[in-house]
Amino acid sequence: MFRARSIQSSLSIKDKILSIDYVLVISIFILGLVSILAMYSTDGGELKYHTSSHILRFFIFFGMFFIVSFIQIRFWHSQSYLIYILFFILLLGVKYFGLTSSGSKRWLDLYFMNLQPSELMKIGLILFLAKYYHRISIENINQIRYLFLPVVVLISPIILVATQPDLGTSLLIAAGGITVAWLAGVRVKFFAISGFAFLALLPIAISFLKPYQKSRILTFLNPERDPLGAGYQIIQSKIAIGSGGLFGKGFLQGSQSYLDYLPEKHTDFIFTLFSEEFGFFGSLFILLLYALIVWRIVKIGNVTRSNFGKLYCYSFATAFFIYVVVNMMMVLGLLPIVGSPLPIMSYGGSSMMAIMFGLGIAMSCKIYKDTPVN
Amino acid sequence: MLNPSSGNTVIKSKLIGRRMFLLTAAKAVVMVGIIGRLVSLQINERTKYKTLSDKNRFREWKLAPERGVIKDFFDKEIASNEQVYQVHLIPENSKDIEKLFVRLKTILNLTDKRLFYLKRVIAKQKPWEPIIVSDNITWSEFSRLNLFLHELEGVKPVVSVARMYPDNSSAHILGYVSQVSAKDLETKKYLKDLHVPGMSVGKTGLERKLDEKIIGKIGFQRYEVNAFGKRVKQIQINEGQAGESYKTTLDFEVQKYTNELLKDKAAAVCVMDVYNGDIISMVSSPTFEPNEFVHGLKKEYWNSLIKNKLRPLTNKTISGLYPPGSTIKTLVALSALENGIIKPLDTFRCKGKIELYGEKFHCWEKDGHGIVNLRKGIQRSCDVYFYEVARKLGVDRLSETAKKFGLGKKVLNGFIEEKAGVVPNTKWKKKFIGQNWYLGETLHSGIGQGYFQSTPLQLCLMTAQIANGGFQIKPRIIFDEKNNRLRDYIKYKNENPNDPLPTDLLLSNFELKPLFKNQEHINLIKDAMFSSSNEPGGTSYRHRWENKKFTFAGKTGSSQIKRFTEEQRAAEVKQESLPYKDRDHALFVAFAPYKDPQYAISVLVEHGGSGGKAAAPIAKKIIKKVLERHELRKKINSLLGEPV
């Protein structure tokens, strides 16, 4: 106890700044700049609403990232349950006071921004479970009674989000939670059992799906089923990416997005736009940038001493990776269109806020890597 | 407490590390998958997707080309173009098409039927393809439309050009244009890349024959469009190319004059230059109004055309088939002379009829012509004389001569409505009727009845080839400078104004092929035709011109529709008292001036009675008109004769 306290107190401001992972910071910053360029292109080469508010958000939340980074990891650990409960209350708030847009209720009106609590819940759930599995001893992990709480904590927000309805985000939240449980050492048996249960319940779940959700899945299986309707997005996205070729059509020259063939080009299809304008090499650059970020977070997990930090960093890195590849596979026609933003690149304040918050905690793990959390 | 806890912690972090390793491996696999997909889309299939992207971006609007004009010999436009006001509509630009139609209906006075038709067309085509609501509206409708344009989204007022015929006298030979039909697209290959909404194609006559060249090349405007089909900017424009214009050999003044003469008759007239085959006039009556076809034919007008017993839609000059009647006697006589069957002065006695194997063959002159030789036979058109000549000659030799002079085959190029007619002989009958030839049929053939079928144009060509001294010519209607080598001819004419052209000059300059063995025989026929028109007793003597300038030599003919019964013959029933449908067709062929033949003419009046009474007076007037305009025509031809 004493040693730990002494280590912590011995950290000067200079030490803290020196222990920041600069590769990670620079990667995030470069990605931010690229996302601003892409946003500028979606606005047709003019500094319009989307671009300027994206710039503002990026810098605000990049600042928030540093603030979160310098707060002790001990604090984040101790407040994990509270953070989860706070986000859960916000989700409940959406259910009763939420804003409805294009058929789904996802947002809370906070006057200065529309907050999407489901995005925050992606991080909240990881924090909660990381703390939970950090605390229980290894013998208890696979005891049924210790599995009860994680399942409740996992299922409740998922149901809330899925009924907004927002299938994509609820699946991504689940992915983060399941990753923590997996890393903590929950037996493969349990995953297998719940997997089978899920498959068994799938027909029932499908009957609860909205018609547009069903058609999205059918369309994924055969995009040419209805080329001007549900299949339109996938086909146009593939045309845009494919026509980019090796070197792309050039900055601001993406005819598919410029002429409005691309739907949702600010949000879910921002990678398509970038890929059309910068081609194969541009796409590869973005992909490697994301891989670099994921690798740096995993590296933080390797060096941080607390299991809370390890669980959090590994899980967050994996979740981050899943967000990226789900979005890319979606626009490449490898997954159904489920509506998931590309971290940092996509337009959207809540997503940016959640990702920066998550990155901030990971960075906090790096700065306070030798500090015990309890 | 610290120790077990820290031991626990170490085991736990090892477990976490192991499981993380598995996840990292999975991530690598997914990364490879995504890169593979990028390679496949952006490298392997990039050409395919680039094409698809361009297909998205560009959209073309085709522009209908302007049709070439058709002019007469004096460069007067006989099929020209006029400015028309049209209303186009692009369905996708209209927010509420039903409401728009209600507005348009009141502004343009559209019928419900038309609206129904338009809606059906819209349902069939792409929403960005324009349709033509009205293709010819008046100026006042057009200005009213422009006044309300701000509330008619999607409607486009268009000033375009369309076919216009200044006069309907040449309707048959020019033909008409109308909207492209499904059948046109199937049968005419050149229309494949040419189809534009609202484009007209030639359906008959010259308009059809020349269609491929006269129609022009299509233009297009290529636009970059956005996902909603809205034009963003024009990338490329190609105005297309107006169709080629054509000059014909027709004389518009003669056409109008002839058409006026034939008014209310079912009749046909052809006039031809005997040296180069230029068709000066070709009129079929009654005519129709070709302008009615350009902007969608009205049903009432169409019905009135097809119900009319005088068959106004048929071009009788080339698709009307008639027995040549007595006009063929010129060829019967020529064939007999050429084959050495008769001598000009050989005579037969005509008693009004002859009998052959119990069948009676009558002469039109009941009391007979007495002693008849070749000249008198043609002059009086004695049937008995030609029965005797034909009997000796035989139908096969006759058919050979008739074919040589252009009967029984198509003589113009590229007119689908042209008919070949029939020149019968023994082989023909065996092949097409399956029976042997009877001698009695030879006698009928000798006076141009029976199986003989010919068009007025063929008879005109036959006469022209006799008139020019027996040389083959090819009728033509498209003016052609290259084959008009008249320089020497005109030089000779200027030096020897009154002499006919020497044969060698004709041959060398016109590459003419003689149709005779002995030109003297041709001259005998021409002389006999002269006597028929200009000597007392001749069948068209009453309608001669005294003036040497207009003197013509002709041959009358009347082709029987229905055989006279013995009772009718006995009662001396006159043609005029027969029902219209049973009357003979009246025919007359001639060439003029007699001394220096320039033009040949054929006149047919359906059910007109006798050729001398019904057809010759018409020919007389037209011959004068044509010869009066001869100097004008010669001036143009002599200009062409000058060395280039």
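A residue is termed buried if 20 or more other C-beta atoms lie within 10 Å of its own, exposed if 12 or fewer do, and partly exposed in between, with C-beta atoms placed from the backbone. This is a predicted model, in which local features need pLDDT of at least 70, side-chain atom pairs count only at pLDDT 80 or more, and totals for chains, interfaces and linings use all residues. Residues are numbered from 1 along each chain as its sequence is written, and chains are lettered from A and ligands numbered from 1 in the order in which they are written.

**Exercise 1.** Determine whether A:I28 is buried or exposed, and describe its surroundings.

*Solution.* 
- Step 1: A:I28 belongs to helix α3 (residues 22-42) of chain A; helices are DSSP runs (H or I, at least four residues) numbered from the N terminus.
- Step 2: A:I28 is buried because it has 23 C-beta neighbours inside 10 Å.
- Step 3: Leaving aside residues up to four places away in sequence, A:I28 touches A:I293 and A:L359 (contact: C-beta atoms, placed from the backbone, within 7 Å).
- Step 4: A distance of 8.4 Å separates the C-alpha atoms of A:I28 and A:L289, which lie 261 residues apart along the chain.

Conventions
Helix = DSSP H or I, 4+ residues; strand = E, 2+ residues; numbered from the N terminus. Contact = placed C-beta atoms within 7 Å.
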